[in-house]
Amino acid sequence: MQIQFPNMPEQFTRADSMILDYISSNTEEFLFSSIGQLAKRLQVSEATISRFVRHMGCRTYKELKQLVMRQSSFEGPAAKMAETLNEFTAENWLRLQQNYLQKTLEGLNQEEFRKAVAAIREAHRVFIHAKSASASLGQLLMFRLRRLGIETILLPSGGSEVLEGLAQVREDDLAVLFCFSKLSQEGKMILGYQKEIGYRTLAFTSRSFVPEQERSDIQLFVYRGEAREYHSMTAAAAVVDSLAVALTQDMGKESATRLSRLYHMKKKYAPER
């Protein structure tokens, strides 16, 4: 791959030529490398890499990687991860999650949140569809709801098995979907069958605008990052937990009774570790 730099020198040093050749021939590896890793791989100093960056008309190593990223055909999950690694430290990552939580708070409709709590409490049963990276969130929600004595069922993740699970859903049940960036084929099945049966639906989404034909009865907004960023589940997990806490509060004494019963059952019957 031939990279176009803003300030290509007329003559290259031997080190510049070697670094440029490596970036052109090993673009993916370069995008996943820190300046220290690249220096070690090419057996040069970090100062040599920094001089190359300036020779190419970039101010920082991060800016160089962004330039290469824009000109490459690199896309998909690997591209998102490469973008994230460009400025990764544990501290930066945690501060980024704070930002995601703040944007989720700003975009969360409190009335929709209250409707979600009421819908879960009023449902005969709660059916959850969560696939791929969202599967862990589905498991978390199921765990929280079952502790409160709410019958919760995980729908199969994909294929015709989803229909076998949907066949069990009744009019007084609630179907929960995790469909952040787009409505999956399984999500279309769930919303389509809803029109026949009449059960309610609750969706977790990262979209500010959802077309009418793709909308669930209740929509909860979760911010997970921009399109080219690694999509975090931090804010989504926080919203799931906040639902569980709000539901516990809404159930009042009933939730305390159910949690106490579970505690005494574990104490009496659970095997010692």
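This is a predicted model: local features need pLDDT of at least 70, side-chain atom pairs count only at pLDDT 80 or more; totals for chains, interfaces and linings use all residues.
Student: Which residues of S3 are buried on one side, and which on the other?
Tutor: Residues are numbered from 1 along each chain as its sequence is written, and side-chain values use heavy atoms, with hydrogens and water left out. Strands (E, at least two residues) and helices (H or I, at least four) are DSSP runs, numbered from the N terminus. Both faces of S3 are covered by buried residues (under 20% relative accessible area; exposed is over 50%, partly exposed in between; 1.4 Å probe, protein chains only): on one side Leu174, Val176 and Phe178, on the other Ala175 and Leu177.

Student: How many residues of S3 are buried?
Tutor: In a regular strand the side chains alternate between the two faces of the sheet. S3 is largely enclosed by the rest of the structure, because the buried count is 5 of 5.

Student: How many residues of S4 are buried?
Tutor: S4 covers residues 200-205. The rest of the structure largely encloses S4, because the buried count is 5 of 6.

Student: In what order do the strands stand in the sheet?
Tutor: Strands of a sheet pair through backbone hydrogen bonds, either parallel or antiparallel. Here two strands count as paired if DSSP finds at least two bridges between them. The sheet is open, it has 5 strands, and its pairing is parallel. The order is S2-S1-S3-S4-S5.

Student: Which strands stand at the edges of the sheet?
Tutor: An edge strand here has a single partner strand, so one side is left without a neighbour in the sheet. From one strand to the next, the twist averages 20°. The edge strands are S2 and S5.

Student: How many bridges join S3 to S4?
Tutor: S1 and S3 pair in the parallel sense over 4 bridges, with Ile128 bridged to Val176 in S3. Val176 also has a bridge partner in S4, Leu202. S3 and S4 run parallel, and the number of bridges is 5.

Student: Which residue in S5 is the bridge partner of Thr205?
Tutor: S4 and S5 run parallel and are joined by 4 bridges. In S5, the partner of Thr205 is Phe221.

Student: At what angle to S4 does H12 run?
Tutor: Axes are lines fitted to C-alpha atoms, for helices over the stretch in contact, and angles run from 0 to 180 degrees between N-to-C directions. Contact means heavy atoms within 4.5 Å. Helix H11 lies across S1, S3 and S4, at about 155° to S4. H12 lies across S3, S4 and S5, and its angle to S4 is about 140°.

Student: How far apart are the end C-alpha atoms of H12?
Tutor: The expected span is 1.5 Å times one less than the number of residues. For the 18 residues of H12 that should give 26 Å, which agrees with the end-to-end C-alpha distance of 26 Å.

Student: Which residues of H12 are buried?
Tutor: An α-helix has 3.6 residues a turn, so residues three or four places apart point the same way. After H12 comes Gly252, with a positive phi near 60°. The buried residues of H12 are Ala235, Ala236, Val239, Val240, Leu243, Ala244, Ala246, Leu247 and Met251.

Student: Thr152: buried or exposed?
Tutor: Thr152 lies in S2. Its side chain reaches the backbone oxygen of Ile150 at 3.0 Å, a polar contact (N or O atoms within 3.5 Å; within protein, one able to donate a hydrogen and the other to accept it; residues adjacent in sequence count only if both atoms are side-chain atoms). Beyond its neighbours within four places in sequence, Thr152 is in contact with residues including Val126, Ile128 and Met142. Its relative accessibility is 2%, so Thr152 counts as buried.

Student: What is the phi of Ser132?
Tutor: Ser132 sits in the loop between S1 and H9. Ser132 is exposed, because its relative accessible area is 64%. Ser132 is not a glycine, yet its phi is positive, at about 55°.
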